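Q: I have a model open and want to learn to read it. Where do we begin?
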Amino acid sequence: MANATYLPRRGERKEETIMSIASEAQFDQARVAERMRDIREATRVVSEGFSREYMRECIDNHRFPQEAWEALGEYGLLGITIPEDLGGSGGGQVELVALMETLAEAGLVLPMLLLTGFARVPIIRNGTPRQIERFVKPTISGAEKLCFAITEPDAGTNSFAMSTLATPDGDGYRLTGRKVFISGAADADRMLVVARTQKAGEVKRRTEGMSLFVVDTDAPGVELQPLNIDVGWPERQYLVFFDDVKLDAGRLIGNPGQGLAGMFEALNSERLLVTAMSVGLGNYALKKAVAYANERKPFGTPIGGYQAIQHRLAEAKAELEAARLMMIHAAATFDAGSDAGTHANMAKLLGSRAAVKAVEAALQTHGGYGFDRDYDIITLWPSARLMEVAPINNEMLLNYIGEHVLGLPKSY
């Protein structure tokens, strides 16, 4: 994920590069805090109507939380990031991460909000008015949902090695290939698919020939195969096959072969939303751990007074707050139109680690009860732990920071 903005110039000292990153974007912090506060207050009105027990029932049965989704639509929260003149609620990534975080810290896990939220970004930024009307507007009320398809079985993290191909056919295209780990494909109405319009071996640079298409999940030639994966989400993961799927020209977002920028716009947004969910779930786990630590008195005093427990919870909280600040900075940078890639990657790295640390601290605090599903701690583990692997593993984020921020040799 090369980001030339932060590549050191020849002869530039690494210390100067690091300092320049810290001061790259300027924005009104008070205004950002106000924007987040307004959304958090509105989100709590919705979240109070849906218990964690409701969400657990949806998760356990892989049932989409349609009632919560419709409530978000009724309150206009699904329209965040969509300009008001298009019928949306306005705002940007700052508001969207505030929504995601607030839901998660109430124990409401809604990956479809994440998926629809970031899959819309390239369409809004690069699509025609007709495409926005066709593919984005129906998501404002929640009438339609989007998912995102980029990862392939053979390419994995190396998205440039993908083989899914869209071949010109009359005034449209024919799509053939397969994608894997596609969250919520059966619950979504459409998916934003990253495909090649030129094979990898036909381009001078591997970044060329990438294109974005909007594909209906029930289109002829699309087959969804559920994977035997349970990550504590209502939505399942799918292997998706495209067998000569016919696409009209209006399904192509932007110009053919020039979808790389739109792809990274979506992925940067995805990292921020994953951070928001991680931070929210981490704080949900800590809240339960603190309540238990204040009540549990096997030796006559609350176990929360023991430093072995208290320090572990305090460290987790500090790391969650650090991740949250990086997330807010990255979201504001994104909304300001600056390159948020570096900060989004760092936020995702910090957020996923902090969430795991918080859930582990909550498990240790609860002792054996932490593994009783009725205490609702072990139920958080798969989702928190997944964030260290998806949507991109933390090792690749460290590679990015090492190479493009610190100026170290490429390590893979």
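This is a predicted model: local features need pLDDT of at least 70, side-chain atom pairs count only at pLDDT 80 or more; totals for chains, interfaces and linings use all residues.

Q: Which residues of H4 are buried?

A: Buried means under 20% relative accessible area. In H4, Ala68, Trp69, Ala71, Leu72 and Gly73 are buried. After the helix comes Gly76, with a positive phi near 80°.

Q: Let me step back. How many helices and strands does the protein have?

A: There are twelve helices and eight strands. The radius of gyration is 22 Å, close to the 22 Å that the globule rule gives for 412 residues, so the protein is as compact as a globular protein of that length. Along the principal axes, its C-alpha atoms fill a box of roughly 80 × 55 × 40 Å.

Q: What share of the residues counts as buried?

A: Of the 412 residues, 55% count as buried.

Q: What do the contacts say about sequence separation?

A: Take contacts between residues at least 6 apart in sequence. Of these, 74% join residues at least 24 apart.

Q: Now a strand. How do I read the cover on E4?

A: Count buried residues, then sort them by face. Strand E4 (residues 190-196) is mostly covered, with seven of its seven residues buried. On one side sit Arg190, Leu192, Val194 and Arg196. On the other sit Met191, Val193 and Ala195. Both faces are covered.

Q: Which strands pair with E4, and in what sense?

A: Read the direction and the bridge count together. Strand E1 (residues 146-149) runs parallel to E4, joined by four bridges. Here Leu146 stands opposite Arg190 in E4. Strand E5 (residues 210-216) pairs with E4 in the antiparallel sense, over seven bridges. Find Met191 there: opposite stands Val215 in E5.

Q: Which strands are joined to E7?

A: Follow strand E7 (residues 237-248) to strand E3 (residues 172-183): nine bridges join them, and they run antiparallel. Ser183 stands opposite Gln237 in E7. Strand E6 (residues 222-226) also runs antiparallel to E7, with five bridges between them.

Q: Now single residues. Is Arg56 buried or exposed?

A: Check the relative accessible area against the cut-off. Arg56 is found in helix H3. Its relative accessible area is 15%; buried means under 20%, so Arg56 is buried.

Q: What does Arg56 touch?

A: Leave out residues up to four places away in sequence, and Arg56 touches Arg373, Asp376 and Thr379.

Q: How far apart are Arg130 and Ser163?

A: Check sequence and space separately. The two are 33 residues apart in sequence. In space they are 29 Å apart, C-alpha to C-alpha.

Terms used: Residues are numbered from 1 along each chain as its sequence is written. Side-chain values use heavy atoms; hydrogens and water are left out. Helices (H or I, at least four residues) and strands (E, at least two) are DSSP runs, numbered from the N terminus. The radius of gyration is taken over C-alpha atoms; the globule rule is 2.2 Å times the number of residues to the power 0.38. Buried means under 20% relative accessible area, exposed over 50%, partly exposed in between (1.4 Å probe, protein chains only). Contact means heavy atoms within 4.5 Å. Two strands pair if DSSP finds at least two bridges between them.
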